[in-house]
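Please read them with the structure open.

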Amino acid sequence: MVALKTSKDVLNFIRNEGIQMVDLRFMDFPGLWQHFSVPPREIEEETFDAGLGFDGSSIRGWQAINESDMLVKPVPETAFVDPFFEAKTLVIICNICDPVTGEDYTRDPRNIARKADNFLKSQGIADVAYFGPEAEFFIFDDIRFDQNEHEGYYHIDSVEGHWNTGRMESPNLGYKPRYKEGYFPAPPVDSQQDIRSEMVLTLEEIGIPIEAQHHEVATGGQAEIDMRFAPLIQMADNLLKYKYIIKNTARKHNKTVTFMPKPLFNDNGTGMHVHMSLWKGGENLFAGDGYAGMSETAMYAIGGILKHASSLLAFVSPTTNSYKRLVPGFEAPVNLAYSSQNRSAAIRIPLYSTSPKAKRFEFRCPDPSCNPYLAFSAMLMAALDGILNKIDPGEPLDKDIYDLPPEELEKVPQTPGSLREALEALEADHDYLLKGDVFTSDVIETWIAYKMEKEVQAIDLRPHPWEFALYYDI
């Protein structure tokens, strides 16, 4: 598809390509895409400036019922033809505005990302922040779950699941990846090459360049498809398109995809390592002659991320399930340190290439349950705080964490152990997010209150199935 840049481009495309519907999409506060559709005649040139009205009172974390009217303003460069709808449909991502004042809505996640990008430029440090998330996911064949007053359960199934080696499948052909041995096996063990390739080709078709796809470590259909890096707002947009394409491609094949961080017990969880670099005038500010070929600016940025990591996790690992993945003693990146090799460190500096253009660091704590606009913006604000205040990240953690003596291990800080702890850290440490009015106090307070009530407390109130195994007979 030809890239569209202006409102006139979009209107010409609608007319010339026979578009039958226009689908307007935006992000709710926690992080799911919302949409409504209009006939093409409802989209005029003034629509892009004046917007279209809708009721925002039912959107999670947004307006109260007595102040529900909102506006969506389509962003031309985000448009793509939906590959799944029967009617030829042009999808456009929108910004959200207040209909009375005309101002950008402070709880619109995309607006927060736009403000973060503007704050970066206003500081004169860099003119672009590049992000490259490596989002993992599971492709399952069946999922059932329920929780009510007298029962609670989930049941996952996958033809690739190692737990099915003895199931009657008429015939059972074997070739099911063993637990923790699903990384890079060739077919027939990897049975999902074709569906992942279809996902890649569809993503490329709508304008998202892909670098690689492969089977991931876990049994049961864990996968990874890597997008080429892009500027903050564009990459957040791309991650939403990515999740949409992957979920709906799986649905076409009567399969289901989840981006939950830890759906399977006793096998690897699903992370989203995020690569980041800052550039100015076409030069990579993170390239230098320091540790692992990094610059002083890069090290200060790492210092900022590590200093604020506990509060950052409230946005980059924002679910109770996230902390089933971030558990000490396993391969999870729970150690708040940096390294060029150690994958249990929160920040890793890849050494794949010595080219100055390739220099970046990789924040390994995030997972794909996050709202990308908020997660990338928070990462940027923490990195900028490190640069502006020259925060020293300390010494690298290049030793094997599992061989460290207890007295040395105690000196390495670790990530919060739960979403509650991360939210409490955010409550105590968020001034760096308020700079430039990027995150407002209202956004921080609403995020904490929403997550505490709807997720933390909701989980706390419900008995866990394993508690019956532990305690029923006491």
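Which residues of α6 are buried? This is a predicted model, and the points below start from that question.

1. Burial in α6. The buried residues are A298, M299, Y300, A301, I302, G303, G304, I305 and L306. That is nine of the twelve residues of α6, so the helix is largely enclosed by the rest of the structure. Buried here means under 20% relative accessible area.

2. What covers α6. The cover over its buried residues includes two helices, α7 (309–316) and α9 (372–388). It also includes the strands β16 (335–339), β17 (345–348) and β18 (361–363).

3. Length of α6. The helix takes in residues 296–307. At 1.5 Å a residue, its twelve residues should span 16 Å. The end C-alpha atoms are 16 Å apart, which agrees.

4. Burial in β6. Nine of the nine residues of this strand (residues 89–97) are buried, so β6 too is largely enclosed by the rest of the structure. In a regular strand the side chains alternate between the two faces of the sheet. Both faces of β6 are covered. T89, V91, I93, N95 and C97 lie on one side, and L90, I92, C94 and I96 on the other.

5. Parallel partner of β6. Strand β1 (residues 21–27) pairs with β6 in the parallel sense, over five bridges. M21 has T89 as its bridge partner in β6.

6. Antiparallel partners of β6. Strand β4 (residues 69–74) pairs with β6 over four bridges in the antiparallel sense. Here P74 stands opposite C94. Strand β5 (residues 80–81) also runs antiparallel to β6, joined by two bridges. V81 has L90 as its bridge partner in β6.

Terms used:
Residues are numbered from 1 along each chain as its sequence is written. This is a predicted model: local features need pLDDT of at least 70, side-chain atom pairs count only at pLDDT 80 or more; totals for chains, interfaces and linings use all residues. Side-chain values use heavy atoms; hydrogens and water are left out. The expected span of a helix is 1.5 Å times one less than its number of residues. Buried means under 20% relative accessible area, exposed over 50%, partly exposed in between (1.4 Å probe, protein chains only). Contact means heavy atoms within 4.5 Å. Two strands pair if DSSP finds at least two bridges between them.
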